[in-house]
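Subject: Handover of a structure

Dear colleague,

Please find the structure below, together with its sequence.

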Amino acid sequence: MRAAPRPGLYLHVPFCVHRCGYCDFNVATGSDAALRTRYAAALSRRVTQIAAAGPGAVEPGRLAGAGDPWPVFGSVFIGGGTPTLLDSDDLAGILRRVFAVLPMAPDVEVTVEANPETVTDAGALRPLVDAGLTRLSLGAQSTSTAVLDQLERRHDPDTVPRAIAAARAAGVDQVAVDLIYGTPGETDEQWRRSLADVLDAGVDHVSAYALTLAPNTPYAREVAAGTKAAPDDDVAADRMEVAASVLAAAGLERYEVSNWARSGARCRHNLSTWRGGDYLAAGAGAHGRWAGRRWWEIRATSAWLRGVEGSGRVVGGSEIVDSEQHRAERLLTGLRITEGVTRDEVAPIDEAALGTLVQAGLLVDEAGRLRATRDGLARVDGMALALLP
């Protein structure tokens, strides 16, 4: 039986130069250097507050300040937004504070997300490596100029390999890239070229996501107005199959619906989350989960800053995850990863629906574990719903 995953820490940095039309993340544009430095200081302060409060502050039914120590953390993930818009010394300072106030495993994985155009200088990355960075995750999205223009990205195709080279020169252990497929107008050749370009640049990990029409985004409004085309689900399915074939041929192993990695380069932070592991969270709009409680910090950057700096309200809300909700979530996330999920974690399930899915070749049921087949990975959401009695 696998040991429980080590907990992680997620830190959110909301700043972006521009909000892309398809993006529904919590991002803030129009910041200046002074505001970003202020935010970095507040994020360090917030981590210190959480660490000092102890596990009792986030576990339901426990008293804050009970004095129990934190368990050892296995991962830190700084996402956004574009965390590398922060001054590199400020960002390194956040990492140093994390290591100072929370117990970290000797082999802790430390990921920072970045847009390629912000990390083409190895010198700016070295302070992060010195502070503990082990993994850089680049939002490349494509290496086609036409597709990048459609997605409103601010880098050109040559920026992606330059950023990867800078990360290697700075001593970053692992480099990952995110790609988006299914942009209207994208050709099969452009998608294959994007995959080939990042593989030729020597990445360790590729995440490939279908372009989605998220509600309340500029892209969704343009589609509704008829000024832009919506993504085509059939095209997206074909692109996913191309990704699976090309990345497997290059030696990357698929370990989740949208994620492939070379040996030893799986994202441990995300994998722990998909396995149901706990994680703390800090930053404007950040969501955390610990011992059956889920919470989210205030979304608006200005209000979050006032809360941290004034010792006021920082948490926007919370909920207790009951057993039925936990079971449904474990089924959904467990089927997304290729190792699957144990029956014990998700019982009871609809046995008739299970039999139908197994017969259809979409699911494997063996040795007390449910696992999606390659065909089933494209249908995990629907399968999870079907299996819930």
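Strands E10 (residues 287-290) and E11 (residues 293-297) are antiparallel partners, joined over four bridges. Two strands are said to pair if DSSP finds at least two bridges between them. Helices (H or I, at least four residues) and strands (E, at least two) are DSSP runs, numbered from the N terminus. Within this pair, Gly-288 has Trp-295 of E11 as its bridge partner. The hairpin of E10 and E11 has two residues between the strands, and Ala-291 takes a positive phi near 50° there.

Please note that this is a predicted model, in which local features need pLDDT of at least 70 and side-chain atom pairs count only at pLDDT 80 or more, while totals for chains, interfaces and linings use all residues. Residues are numbered from 1 along each chain as its sequence is written, and side-chain values use heavy atoms, with hydrogens and water left out.

A further sheet is open and consists of three strands in the order E13-E15-E14, with antiparallel pairing. Its edge strands are E13 (341-342) and E14 (363-366), each of which pairs on one side only. Strand E15 (residues 369-372) runs antiparallel to E14, and four bridges join the two. Leu-363 stands opposite Ala-372 in E15.

Turning to a loop, Gly-30 is found between strand E1 (8-13) and helix H1 (33-53). Its relative accessibility is 74%, so Gly-30 counts as exposed; the cut-offs are under 20% relative accessible area for buried, over 50% for exposed, and partly exposed in between (1.4 Å probe, protein chains only). Gly-30 and His-18 are 12 residues apart along the chain, and their C-alpha atoms are separated by 8.1 Å.

As for the chain as a whole, it contains 14 helices and 15 strands. Its radius of gyration is 21 Å, close to the 21 Å that the globule rule gives for 389 residues, so the chain is as compact as a globular protein of that length. This radius is taken over C-alpha atoms, and the globule rule is 2.2 Å times the number of residues to the power 0.38. The C-alpha trace spans about 55 × 50 × 45 Å along its principal axes. Of the 389 residues, 51% are buried. Among contacts (heavy atoms within 4.5 Å) with a separation of 6 or more, 68% are between residues 24 or more positions apart.

Yours sincerely
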